[in-house]
Structures are given as structure tokens and as C-alpha cells.
Amino acid sequence: MTQIIAYTDGACSGNPGPGGWGAVLQAKDGATIVKERELKGGEPATTNNRMELMAAISALESLARPTTITIVTDSAYVKNGVTGWIHGWKRNGWKTAAKKAVKNVELWQRLDAAQATHDVTWQWVKGHAGHPENERADALARAGMAPFK
């Protein structure tokens, strides 16, 4: 059975500042990679959290049909937000428990919509710890940022 995994990362030079995002999507049959795709992009003035969100959004939006996918991120902000906080935000009309507007709300809404058609498992991995695919996603994020530096 083929397994789809997306490794995502965001980067920012200054926070805010120029930023980039990257994703490595792999289709695996057991330990064998049968197909692979790299995605990247960036913005001239953004934050690291926005780029982390864009990496996950872009990976999900690149899928042509409903898919069972594992998204591996080194962002606790993204993983905790999408697996936990988002449920309360939606119940509260996109307000935090303190009744303040959710930061990056348009990206959280876009991520929520992007994952709705898929069966997504979210996994956190420690960043900059030698994880090969996370390091590749980081390199793509830095490359996505490069035109804006």
C-alpha cells in the first residue's frame, strides 16, 4: 500500500522579514520512494509562523484528489494549532479563549479548508536535528525566501 508523506518547513530572515516555505512530498511503498515532488515559495515581508502554515497549506492544496497523508512539521505552532486550538477558535467565531482575534486567521481558515477533503495525520519532528527530509524542506524554504532577501 502506498503511503503519502509531506515534510514541511518555513523560514524567515528576521521575524517579520523575507520568508520562504518548502515541502517534500513522497509516495512510499514500504521504505521505497516511488514518487517525489518538491514545492517552495516565499514572500517579501512575512513571519516564520505564516511560512510554516503556508508549507502545510501548499502541500495539501497540491493534492489532486482526496488523499490519506501524513504531514510532518517541525512547527509546534502548526501541529498544536491544527490538531487542538482550531476547534475552539471555530466554536468561538475565530476568537481565542481570551476573546482576541486569532493571528493568521486567513491562513488557519485556508489550512482548515485544505485538510477537509483529506485524511490527515499530523506529526511533529524536532527541527535542525538531522532529520533528512526535514532538512530538505528547510533548504527548500530558504530557497523560496532567497528572491526576497
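Tryptophan 108 is buried, at a relative accessible area of 0%. Buried means under 20% relative accessible area, exposed over 50%, and partly exposed in between (1.4 Å probe, protein chains only). The model is predicted: local features need pLDDT of at least 70, side-chain atom pairs count only at pLDDT 80 or more, and totals for chains, interfaces and linings use all residues. Residues are numbered from 1 along each chain as its sequence is written, and side-chain values use heavy atoms, without hydrogens and water.

Next come the rings. Rings of Phe, Tyr and Trp (its six-membered ring) pair if their centres lie within 6.5 Å; planes under 30 degrees apart count as stacked, over 60 as edge-to-face and the rest as tilted. The count comes to 4 aromatic pairs. One joins tyrosine 77 to tryptophan 108, edge-to-face, with 5.3 Å centre to centre and 65° between the planes. Tyrosine 77 lies in helix H2 (residues 76–91) and tryptophan 108 in helix H3 (residues 105–116), so the pair ties together parts 31 residues apart in sequence. Helices are DSSP runs (H or I, at least four residues), numbered from the N terminus. Tyrosine 77 also counts as buried, at 18% relative accessibility. Ring pairs link Tyr77, Trp85, Trp89 and Trp108 into a cluster.

Helix H3 also packs against H1 (residues 48–61), at an angle of about 25° and with the axes 9 Å apart. Axes are lines fitted to C-alpha atoms over the stretch in contact, and angles run from 0 to 180 degrees between N-to-C directions. The contact (heavy atoms within 4.5 Å) includes Leu53 and Ile57 of H1, and Trp108 and Leu111 of H3.

Methods:
Helix = DSSP H or I, 4+ residues; strand = E, 2+ residues; numbered from the N terminus.
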